[in-house]
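Hello,

Here is the structure for your pocket work. My notes follow below it.

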Amino acid sequence: MKEGAFLGFLLWMAGGGLLIALGIAAFFAKKEVGFFNNVKALPMENVKAYNRAVGKLYLVYGAVFLLLGLPILTGQNSPAVIFSVLGVVAETIVAMAVYLLAIQNKYEKK
């Protein structure tokens, strides 16, 4: 394993750790936690349950993000790195769909 691959892997793990930290912070938030950047969260009926759902989403997102970083250890020019890149794209699309279709629809004030 090359030094550059290990440094890239550590930076990837730091990003995954940040996502997990956001999930933990969402569990303890008193106001609605937003999922998208620069978009204010809509008013929710049950803020505590909503924040827990968003926190779980962030925790799962971070854990899958960490697992998708494992191919980085194979090296910079390895074709396995494409799984990391495409995996994060697919993971992000799924996370947005889960948030919009499941979490927001369930807890939004009608």
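The largest pocket is lined by L19, L22, F35, F36, N37, Y58, Y61, T92, A95 and M96. A pocket here is an open set of points on a 1 Å grid over the protein atoms alone, where a 1.4 Å probe fits, with protein on both sides within 12 Å along at least five of seven lines; lining residues have an atom within 4 Å of a point. Helices α1, α2 and α3 (81-107) each give two or more residues to that lining. Helix α3 gives the most, with three residues. By class, the lining has eight nonpolar, two polar and no charged residues. Ala, Val, Leu, Ile, Met, Phe, Trp, Tyr, Cys and Pro count as nonpolar, Asp, Glu, Lys and Arg as charged, and the others, Gly among them, as polar. The volume of the largest pocket is about 160 Å³, taken as the space filled by probe spheres set on the points, which are joined across faces, edges and corners.

On provenance: this is a predicted model, where local features need pLDDT of at least 70, side-chain atom pairs count only at pLDDT 80 or more, and totals for chains, interfaces and linings use all residues. Residues are numbered from 1 along each chain as its sequence is written, and side-chain values use heavy atoms, with hydrogens and water left out.

The average pLDDT (the predictor's confidence in each residue, from 0 to 100) is 90, and 99% of the residues score at least 70.

Now the fold. The protein has three helices and zero strands. These are DSSP runs (helices H or I, at least four residues; strands E, at least two), numbered from the N terminus. The C-alpha atoms fill a box of roughly 55 × 25 × 20 Å, taken along the principal axes.

Best wishes
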